[in-house]
Every structure is written in C-alpha cells, then in structure tokens.
Amino acid sequence: MKCRLAILFKSVLLIMCFVSASLSYGNPAFAREEQPSETQVKAAFVYNFGKFVEWPPDRFVGKYFTIGIYGDDDFAQVLTEIVAGKSIHEKPILIKRFSKMEDIAGCHILFIGYSAKDHLPELFNIVHKLSVLTVSDLQGFADRSGMINFKIVKNYMRFEINLKAAQQAGLKISSQLLKLAIAIK
Amino acid sequence: MARSKYSSIKEKLIRISMLVSASVLLLASMAFIIYEVLTFRDTMVRELTIYADIIGINSASALVFNDPVSAEGTLKPLREKRNIVSAGIYERNGQIFAEYSKDNGIKALRAPQNLQDRTDGHHFEGANLVLFKRIISEGERIGMVYIKSDLSEMEIRLSRYAGIVVGVFILSLLAAYVISSKLQQMISQPILHLATIARSISNEKNYAVRATVESQDEIGTLVETFNEMLNQIQSRNTALLKARDELEQKVEERTRDLVQENAQRKLAEEKLQQSMQGLKRVNTELQQFAYVASHDLQEPLRMVASFSQLLEMRYKNRLDKDADEFIEFIVGGANRMQRLINDLLSYSRVGTRGKPFQPTDFSSVLGQVLVNLGPLIEEKEAIVTNDDLPVLMADETQILQLFQNLIGNAIKFRGTERPVIHITARREASEWIFSVCDNGIGISPEYHERIFEIFQRLHTKEEYPGTGIGLAICKKIVERHSGRIWVESEPGKGSKFFFTISLQGDDL
C-alpha cells in the first residue's frame, strides 16, 4: 500500500515538473529550467549593461531607451524577446535594427554583429560623434575603439571594457560593471 | 548630646541627597536599559537589513552578469562581523549563487521554500536572527540576500551597557556623597551654631548672648526669632530682679511694722490681763464683802427678829391695837429682811461655794428636784415631763438649784389651767440647750431682760410670793457654767425658759 502511494506521488511530481518545464520554455525568467543559449546570454548582458552606464543628460531626453543592432539579425530577434516589457533607467526599451551603417542614429546602445567585422573604422567614425555604448562579440573590439566586447572564458560569458573609449563618448560606466570586466583598456 | 544631634542632621541631609541621586540614576538607567532591551531586536534587524541592502547593491551586477566569484567577494566583509553566522545570495530561481559561513565548514544554507514568493522579512530561529532581502535592479527582482546572525553581539552590548550603568551608578553615588557632605553644611552649620548657643545660655543662664545669623532662609529667620526671644527674656529677667528687690524691701518694712504692732498688742494684752486681774480681785472682794456683809448682818437682824417676836408673844394683847399692829409690822419687816439677806447670801454663795465640776447626770438631778417639789406638784396637780437628759460636767448642787427654781416658777406662775411643764434638751455644737416650758401666765417681752436682775419682781407679794432672787440665781449658775439664759414668752401664752450648758473639753 505504501509503495503504491509512493509511486503515485513520484509520478505526479514528474508530470508537474514536465508541465512547468514546458510552460517555462521560452521564458527567459526561468533560465535554469532550460539552459540559455549564448545569444540569449549576450542579449541579457546587453540589456543589463544599460543599467550600469550613465549617458549625458542632453542625450538622455526622449521617451524610449533605444538599443540598436547592426549586423546580426538573430541577435536582434533574441534581444527583442528578452527586453519585452522591460525598461532601462525607467524608459521603455525600443529595439532598432540597422541594415545600413549610414542609418545608425538615435540609440543609446549599439550592438555590432559579425557582418560589420571588416567595416569597423567607418562604423567608429559614424558613432564616435554620438554618445553610444558600442557592444560587440567580435574579438578585439575593445582593443580598437569599441567599448565592450564579449569573451567566453571557461564556459562563462565575460566581457572586456574599453573605458577610455566610453569616457571619450561622454559615458560613465559604473564600477559595479567595471569590476566584473576581465580586462579594462 | 550636641555631637550626636549634629551628625544625625548631617547624616539625614546626606542620606536624602544620596537617596535622591540614586533613585534618579536608577530610574534613568532602568529606562535606558529597558529601552535598549525592547529595541535591540529592532536594532539587530535594522543592522542586518543594512548589510543585506549593501550586499544586494554590490552584488547586483555580479548576479545579472552571472559572476559568482564577484558575488562571493561582496560577502567577504561579513567576516568582520563576528555575530554573522552565515550569509548567502540566491538567484532569481532560488538557487544559491554565493555563500559565506563563519566557520567555513558548515554550509548551513539550504534553499528556502518559495523563494520567489518571499518578500523582505526576518524571523527569530532559536538563538539566531534570519533575514531575507530581495535584490532589485531597475524594478526587477533579480535575487535575494540571506543573512543569519546570532544574538551574541546584542547580548555583549547589553552586558556592556549594564556594566557601564553600574559603574556610572557607583561613581555618581560617590560623587553625590562627596558633594552632599560638603553642601549639607549649608543647612546643618547654622543649626549646630544655634543649638550650641541655646545650650550655653541654658547652662550659664547668661541671657546677654546672641546667635549670629549666617543664612538667609528659614533657619536665619529662626535665629533672628531666637535672638528676639532672648531679648525679651533678658528684659523680663531684669524686670523680675528689680521687682524682687522691691518686694524684699517692702517685706522688710512690713515686718518692721508688724513687729511694732505685735509689741503694742502685747502691751495692750498685758494691760488687759492686768485689768482682768484687777476685776477679778474686785469681784472676789465684792463677793466676799457681800457674803461677809450679809453674814454679819444676820446677827443684829436675828436680834431684832427674835426680840420682836418675843415682844409679840409676851405683850400681844397687853398693848393697844396700834401697838399690836406696830409689832406685827416690825416682825414682818424683820422676817422679810432676813429672807432678803438669806437670798442675798445664797446668791453670793453661788460664786463662793461653787464646787469644782464633776460628771453630773441631769436626769437624776431632775428626779431629785421632782422629789423635792413633790408636795407642790401634787397640790397644784402639775404634770411634769421631760426628754432624755445628758450627763455633763457641772456642779450638781447648783444644777439642782437651777432646775428647782425654774420648775418652781413654772408651777407658781400658773395660769387658769392645770400646769403642764415639759423639759427638753438638745445638743448644739459645743453646748447643750435645755428648755423648761410651761403653760403659765407668760411674761411681757419688755420684761424679758429685767426678770434676771436681783430682786426684780413683776408682781406684788400678795399676788405671788417670792423675793425675786430666783431667776438671778439661775442666771449666775448658768453663767458659772459658761452658758446663757433667756426666755421666750408672751402674756397668756406660757413661757419657755432656755439655758445652755457648754461642754467642758471632752464629750461624755
């Protein structure tokens, strides 16, 4: 009698787990149920970077907090999902996709994808007049004039920060963020 | 006595100050400690909340960027707080992200239930305080901080407070003692001074001494009043002494006057004695003279009487009628003269033949009188009654005479009815009052004094016989017995003769 009850109990538990797992599929809040993809992690990081950076006040008027993406459509998709309903610095988030470099304008963060790999100098030219936080997963991004680039270290998503570039653009990066960076240029 | 009074006031004052200080301190300390005890839990919670807040802020980035190492770093400073047993940072899903444990070995952290639903809160778990605080970034909950602390720090703090309180208490009491011993002088010093002065005045009776006013308060007023009192005492004292001296003077004068008066009185008394002696002598001489005279008168009188009677016998019918009448007159006159002289004799004998007083039974004397007057009583059909009569110191013979005269008179001077005579006696202070009451003819008040004089008669010898000496003899007898005799009577209403016999010394 007891055995049967135990079996019954365990099976119910299993079913519940499965149900909750399926329910949580696609919900980034329950990241543990389902291992997040690398893109998701990067997208989450990009969203979070916004919390730890201060833009100059004249650049921070406007209703939305804009994150622009150039050169990585997958990333844009994932990012859109992740930031749904969220806000940074109390501004609702607006995602802009740029297909052409010349269109890049009016965003606070700009994620630069692999497609821009060979056009970085022109890109920096366009953005350096603007106070934009440039983030990328291209290696060596921060060694050039990029501000943050991702780096995977021992299975952990890490990032490097080019503080000088950020300061030149008029951006203030919180020490909280800086201390997590694996390298600061 | 002065010393003990001094220290007890000092002690009292010091004790009062100490008691006040101690109570005040105690109350304040108690309030303080109670407040601490009541709020230490809140204080603990607040402290831990602050730590949790700080940790949350510091680890937010580590959480969002999934850097457990950095998160652990934010927990490291907790080692400085010896009361924190363990702490941890949980991810959004309740998984432990970073943890700290005081003794490094024991991982006392386990995922608490329903972490997602938990809000900020704390609870006491045995001897520990457990606190949870959400980590919120940009309005989004990204994790939870957990801190577990034991209550040792608070207990240490409390015991330190208690120690300080006790220390302050003791020190304050010491200070209170020192200060109050100095300050009590302000009160006790003037009092002691006053007490000393009062004692010295009472001992030496020197009322010129005054106490000095040292303070401006009720004690000062007391000292002033004390001095004022002394002023009054002093002035009264001098007044008293003065009065006393005057009085002494007056007494002296009076004494002198009295002595003088006394001497004068003595002189007067002596004179009086002398005249009394003289009078006595005269009296005795007179009595003797009366006695001798009447005695000596007897002899020639007898001659006349006897020879007149002889004449009458021998020559009665030989001479003429005139001669008979003349002889009758002579005989009658001589007889009367004899009687008068006899009466006079017996009157004077009252004094000269008076016997010393002996206890005399008045009842038996009365009995004898009635026997003597027997024939007369029978003849006149008189009724004689009497009260009980006492036994007194008296001359028996004379008392007999007295009663005989009075009762004889009562019968003689009867009215129209049968004579009823009653004799009473009653004691009054130091004398006996006797009375002889009759229902005879009575005596008019104008004669009440005269009847006691010698040879005073209110009636002719034809109406009633007698020489008129009876009552005079009665009076002399009564006066010899230091008494008085008087009458109450009215014509036709009988008479009451009263006489007193005074008691001679002891009662019988």
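1. Helices here are DSSP runs of H or I with at least four residues, strands are runs of E with at least two, and both are numbered from the N terminus. The model is predicted: local features need pLDDT of at least 70, side-chain atom pairs count only at pLDDT 80 or more, and totals for chains, interfaces and linings use all residues. Residues are numbered from 1 along each chain as its sequence is written, while chains are lettered from A and ligands numbered from 1 in the order in which they are written.

2. The phi of N66(B) is positive, near 55°, although the residue is not glycine.

3. K154(A) belongs to the loop between strand 7 (148–153) and strand 8 (156–161) of chain A. K154(A) is exposed, since 5 other C-beta atoms are found within 10 Å.

4. In chain B, helix 8 (residues 396–412) packs with helix 9 (residues 470–480) at an angle of about 145°, their axes 9 Å apart. Axes are lines fitted to C-alpha atoms over the stretch in contact, and angles run from 0 to 180 degrees between N-to-C directions.

Notes. A residue is buried if 20 or more other C-beta atoms lie within 10 Å of its own, exposed if 12 or fewer, and partly exposed in between; C-beta atoms are placed from the backbone.
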